[in-house]
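Hello,

Here is the structure you were waiting for. My notes follow below it.

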Amino acid sequence: MVARFLTLKLTLMGNTFRKSVWQTIGMIVASLYALGVVGMLLAGVVALGFLGDPGWAGLAITLGGALAVLGWWIIPIFAFGVDATLDPQRFTTFAIPRRTLLTGLAVAGLVSVPGIATVLLAIGASFAWLTEPGVLLVSIVGAVLGIATCVLGSRAITTVLAPVLESRRYREVVAIVALVLIVMIGPLVSWLSNGVEVTVGSGSETSTGAQLLPLFEQVAGVVGWTPFGAAWSLGSMAHDGDWVGLVGRLAVALGTVGLTWLIWDRALGRALVSPPAGGGGESKAKGLGAFGRVPASPTWAVAARTATYWLRDPRYSGSIAVVPLLPVIMYFAGQSTGSFFMLLATGPFVGWILGFSISNDIGYDNTAFALHVSSGVDGRTDRWGRAIPMLVAGPLVTAATVLASVWVADSWHLTLPLLGLGLGSLLVSTGVSCAVSARLVYPVAKPGESPLKSPQGAAMATIVSQGIGFIVTVGLALPVFAVGIAAIVVGGLLWGIATLVVGLLYGTLILVLAVRFGARVYDRRLPELLQQVQSFP
Amino acid sequence: MSGSTATLGAMTTPAHPSPPGVPGAPAPDQRPHDPSAALSVRELWKRFGQKIAVSGVDLDVPAGSFYGLVGPNGAGKTTMLSMATGLLRPDFGAAWVHGVDLWAQPDQAKATLGVLPDGVRLFDRLTGRQLLTYAGMLRGMDKETVVDRTNDLLKAFDLGADADKFVVDYSAGMTKKIALGSAMIHAPRTLVLDEPFEAVDPVSAANIRDILKSYVAGGGTVIVSSHVMDLVQRMCDHVAVMAAGHVLAAGTVDEVRGEQSLEDRFVDLVGGRQHSEGLSWLRGS
């Protein structure tokens, strides 16, 4: 039975290869990448075991293993729906004993790029103890327990949380939180490394590694007693000859595996008899919302709908949530160089990215776009309607960003040129988006899917279309840039005013022309646009 | 290839009845479209890759008729209706809506059409009320009328209690009903409905049928595609049978079915019934 689950999973994997060449290439690249990372890590750990202090290898295995467990447990909560090939719900109608189902799903869970990488890494790292066969054996047992902890824990958590994960409201909130977290990784890392550098630097200058060793040892000592690290630390316990610690940690590791198995078993038993309720979140919105506040015309109807989606569809609201973080990221990015250039560039950058964010609107509509086609919405209506919310909110956000950045950098003399640059790039990129999105539509996460999930095989179309949009925007915005840079270099009020005026007037001109162009393209290819979104995977 | 559908129809049905406006005999050249018809298509062709989905379809839907379009899965019904409503550009052929060339003057033609496409999403982050309002405003209606008609539609489709819920949280049947509502809010002269009764509960289906009947009685034209023969026989006055991209028979329901029930006639035309012993081992002991 377990073998059958394995073949099923392998067949499913094989079928994805057959589906498209790009997917196959993506899979191969991912596998090679994983293999490379595994190889490098293994080489590092084993070299530590042989050449350096085996204690270091033990530390690395314990801490790395604990991180792996953490990843296995946490990531599925955020990356919902990314891999549901063996959703237990699909096996409800088959009479499979639950124990068999559990074992089958657990083993099949390892058949994936991260699964195989974990197995290789866990078993391989044990060979750091090759010189001590007894320790090697203990370490391999620990690795097996560690892998079990990864898989069982991840399955237990997703199954227990499944009722929550299935509610639309939760998915939306989590999707936005995940997006924000991912964007913040860079600044967090730089902030943390700054902190570590400071603490290390405050001591003596010699051999920071030796200084960090006690710190790592302390951490590993604690982590080794937790469910995350217990299994992985067995090897180093045996190496140190700490038999009490070994038995104690073995108990923790076995307990973890047993407990996660039990929890998963219970949760799955419950899930199998209570299929997903569907719906769940009873969210309501009173009245007409934006539709009640706009004048009665097709253009304003499109604008009201677009604005509503900006706030209500996590694929849009996710990107809104990221915009206020951009200055923060730029601040940290610039901190290492000690100049405020990056921070000051944020205003124009925000303007550009806001306009850019509507460059695949029809792709985001997906087949709901059929309503526009069957209603005979013409290009001018559709294009302006989608641009209006951006033209209302965009300038405010851009101006606020510019003001915040000059305030932090204390460069008030740059306010006018930066405003001109920001508004100019907002207008130009909004216009280019309106034109490009009528011609180049590419697949994105479907309505209701996680914004983090990008459809497989769409990478090429995305890169080409975004690249063209970017090049055209930069090209068309050159006059604004030229005046703006001159203003910053030369300085003076007059140049500042000139930048603002050029940004506004020239930007508006480009916007009007680009929207007109986009509308013509839209009118000409209306049914083709619909067919394109209908053909999305 | 002109006239191939009629040839096919004539081959399978020697006494092939002709709907008004379509000569029964295959004509060498393209027959002129019927300007009085609510929908008139000539020589519609569409190919997707290797598969020819619709091959040379001629069809006239008389104004004021309740027209059923039936056919097995993959017969080309949806493709044909998409090309007849401006959602899909035909490889060849033309469609006229009340005498207006749809592909030459799409805006004018679409204004008189209400379309319920099959298998497309809705703007489901809007509430039911907002979606109907949106559909109405897109048609350029003034606000007062939109609000009134939205309320009427919500009441007629029994969605009043769920008007402020998001469409994404609707059941399949409710989604179908709200989509139907957005197709008719602008009071079109012709309604083209692809599988309108799918997933709709019997009570709502009966209500929808009543609404459609009184709409036809008031001079409107309805075209529905369906798998349910029984429903088409009871509800429609005209019917066309499609299979493998061709129209096999078209006319009033009585003309098409003759002495048989529509379902038997359909099976005769389309073929594919298995006359075997069935599954010998499938027995509830």
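**Salt bridges and charge patches**

D118(B) is partly exposed, with a relative accessible area of 26% (buried is under 20%, exposed over 50%, partly exposed in between; 1.4 Å probe, protein chains only). This is a predicted model: local features need pLDDT of at least 70, side-chain atom pairs count only at pLDDT 80 or more, and totals for chains, interfaces and linings use all residues. Residues are numbered from 1 along each chain as its sequence is written, chains are lettered from A and ligands numbered from 1 in the order written, and side-chain values use heavy atoms, with hydrogens and water left out.

D118(B) pairs with K176(B) in a salt bridge, closest N and O atoms 3.4 Å apart (a side-chain nitrogen of Lys or Arg within 4 Å of a carboxyl oxygen of Asp or Glu). The pair links distant parts of the chain, 58 residues apart: K176(B) sits in helix 6 (residues 172-184) of chain B, D118(B) in the loop between strand 6 and helix 4. Helices (H or I, at least four residues) and strands (E, at least two) are DSSP runs, numbered from the N terminus. K176(B) counts as buried, at 13% relative accessibility.

A second bridge in chain B joins K46(B) and D91(B), at 3.3 Å from N to O. These two are 45 residues apart, with K46(B) in strand 1 (residues 39-48) and D91(B) in the loop between helix 2 (77-85) and strand 4 (92-97). K46(B) is buried at 8%; D91(B) is partly exposed at 46%.

Now chain A. R386(A) bridges to D382(A) at 2.9 Å between the closest N and O atoms. Both lie in helix 19 (residues 379-409), four residues apart, about one turn.

T127(B) is buried, with a relative accessible area of 0%. Its contacts (heavy atoms within 4.5 Å), leaving aside neighbours within four places in sequence, include A285(A), G287(A) and R312(A).

One positive patch on the surface gathers R380(A), R439(A), R516(A), R520(A) and R524(A). Such patches take residues with over 30% relative accessible area and no salt bridge, like charges being joined within 9 Å and nonpolar side chains (Val, Leu, Ile, Met, Phe, Trp, Tyr) within 5 Å. Helix 22 (residues 493-524) of chain A gives the largest share of the positive patch, three residues. R520(A) lies in that helix and counts as exposed at 53%.

Best wishes

Terms used:
Accessible areas come from the Shrake-Rupley method with a 1.4 Å probe; for residues, only the protein chains shown count as cover. Lys and Arg count as positive and Asp and Glu as negative; His and the chain ends are not counted. The place of a charge is taken as NZ of Lys, CZ of Arg, CG of Asp or CD of Glu.
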